[in-house]
Amino acid sequence: MKTVAVLGGGIGGLAASYYLSKSSQVTKVILLESSGRYGGWLWSTRRSDGAVFEHGPRAIRPAGAVGCNTLNMVYDLGLESEVLPITYSHVASKNRYLYVNGQLHKMPSGISGLFRTLPPFSRPLLLSVAMEMLVKKGDKEDESVHSFISRRLGKELADIAIDSLCRGVFAGDCRKLSVRSCFPPLYNAEQHRGSLVLGMLLGSGPSPVVLPSRLAQRSSTESWAQWSLRRGLESLPEAITDCLAQSGRVQLHRHATVRQLRPCASGWEIHLEDGVISADHIISALPAKALSSALPSSFQPLIQQLQDISTVTVAVVNLEYEGSILPVTGFGHLVPSSEDRGLLGVVYDSVPFPQHNSPNGESTRLTVMMGGAWFQEVFGAPEEITEECLLATATEAVRCHLGVTMAPSWSRVALQMDCIPQYHLGHWQRLESICSYVRKNLLPLSLVGSSYDGVSVNDVIFSGRTAVKGLLGNGV
């Protein structure tokens with residue numbers, strides 16, 4: 001294979017290009033990014049005084065094969081000394097809150113938390129867990145997350161904890177999201193063991209094996225729960241970009257919007273605004289809908305399936321306050337949809353990563369997340385909302401939830417349009433249809449990114465590796 005074109009320079013496209021660049025089977029890699037920067041949703045503001053603010057993901061989990069794989073990449077890129085770990089014993093790992101009935105409630109943690117009745121719940125969580133093993137296995141091929149948890153652990157947990165969790169992870173509605181696609185370990189535990197508890201204890205099916213680097217081994221030995229990087233998570237795509245530029249085998253193009261893809265005898269013609277590029281194979285890391293608009297109309301069945309994968313818009317408001325203003329310490333708090341549909345949660349950034357604070361006097365950094373599946377309902381059309389309105393809503397939430405009456409000393413509003421794909425009921429069937437179409441039509445096309453098989457940074461990076469491995473074989 002001579003030339004592989006990678007469409008999209010977010011973390012998925014960068015990861016795919018990174019793994020391609022390490023193989024002698026590919027002569028040339030062409031990375032096409034439509035915007036002026038690489039990294040996609042991994043986006044950090046570094047202020048001149050040293051403070052760091054994240055406008056996308058702010059911490060990555062090291063757990064599992066996909067977590068190990070990301071740490072291996074971080075190690076290979078020479079970023080080990082930049083890693084900021086949070087251990088399971090850290091207050092940000094132990095203290096997470098829910099804002100329910102106008103109050104902050106600490107989520108139960110540790111063994112003792114399972115035995116006691118802690119508000120906002122009306123009974124000990126251990127009761128729900130114990131009774132879960134008696135619930136018979138469901139017979140549906142797919143089920144909403146809310147329905148699944150209600151059936152197995154009770155409606156109260158689904159209404160409060162799982163509703164909030166889905167808003168925090170997917171900015172989505174647990175009554176529409178698919179348990180099979182959003183939480184495969186839970187679905188597989190019931191399928192293989194008949195119980196979530198037994199699945200956790202005995203395992204719920206095979207998982208990929210990734211040999212750990214020294215850094216991944218260290219994360220296990222030191223019991224890391226999450227990690228970030230000293231100059232923000234955007235350091236990761238920056239390091240990958242530098243690595244690709246130095247490889248001599250990757251052509252990097254910004255401001256290169258793909259207008260049309262046309263199959264040809266040798267693979268693809270990729271039509272840009274200012275020319276045409278030929279490639280033997282395409283790895284698309286574009287959002288599903290963006291890819292669908294570039295495909296030829298003759299690919300209608302594939303186009304339709306891609307367009308059916310919806311996304312949500314999230315307003316991310318970074319705030320800095322002078323002094324120490326938090327009434328509690330922890331990672332942050334989530335808000336169930338029954339409490340406030342527009343406000344998803346607040347992250348207490350200064351608690352997990354004080355290294356990102358300004359060194360000039362004491363300050364507190366917070367991030368308020370808003371909108372998601374409820375954006376249009378609460379705020380109206382994203383194109384018409386003002387930054388002033390979003391900032392006012394965020395600061396009012398901080399005042400109401402945390403009792404902070406002073407105005408922030410610094411703020412930044414980022415409206416992340418269509419940033420998180422929503423794996424609604426039947427998502428797995430859409431993926432099967434997409435893969436089947438590509439396979440049957442012998443298309444030299446691989447799909448990576450958050451539209452398909454996991455929205456976390458780890459999942460997206462691993463999808464890049466998986467695509468390259470599928471293309472080139474097991475040497476990746």
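1. Helix 12 (residues 235–247) lies across strand 2 and strand 9, at about 130° to strand 9. Contact here means heavy atoms within 4.5 Å; axes are lines fitted to C-alpha atoms, for helices over the stretch in contact, with angles from 0 to 180 degrees between N-to-C directions. Helices (H or I, at least four residues) and strands (E, at least two) are DSSP runs, numbered from the N terminus.

2. A caveat: this is a predicted model, where local features need pLDDT of at least 70 and side-chain atom pairs count only at pLDDT 80 or more, while totals for chains, interfaces and linings use all residues. Residues are numbered from 1 along each chain as its sequence is written, and side-chain values use heavy atoms, leaving out hydrogens and water.

3. Now the sheet: it is open, with five strands ordered 9-2-1-13-19 and parallel pairing (pairing takes at least two DSSP bridges between two strands). Strand 9 (250–253) and strand 19 (445–447) sit at the edges. Helix 1 (residues 11–21) lies across strands 1, 2, 9 and 13, at about 170° to strand 2.

4. On to salt bridges (a Lys or Arg side-chain nitrogen within 4 Å of an Asp or Glu carboxyl oxygen): the count is 19. R151 and E190 meet at 2.8 Å, N to O. R151 is in helix 6 (residues 145–153) and E190 in helix 9 (residues 184–193), so their bridge ties together parts 39 residues apart in sequence. E190 is buried, at 2% relative accessibility (buried is under 20% relative accessible area, exposed over 50%, partly exposed in between; 1.4 Å probe, protein chains only). R151 is partly exposed at 27%.
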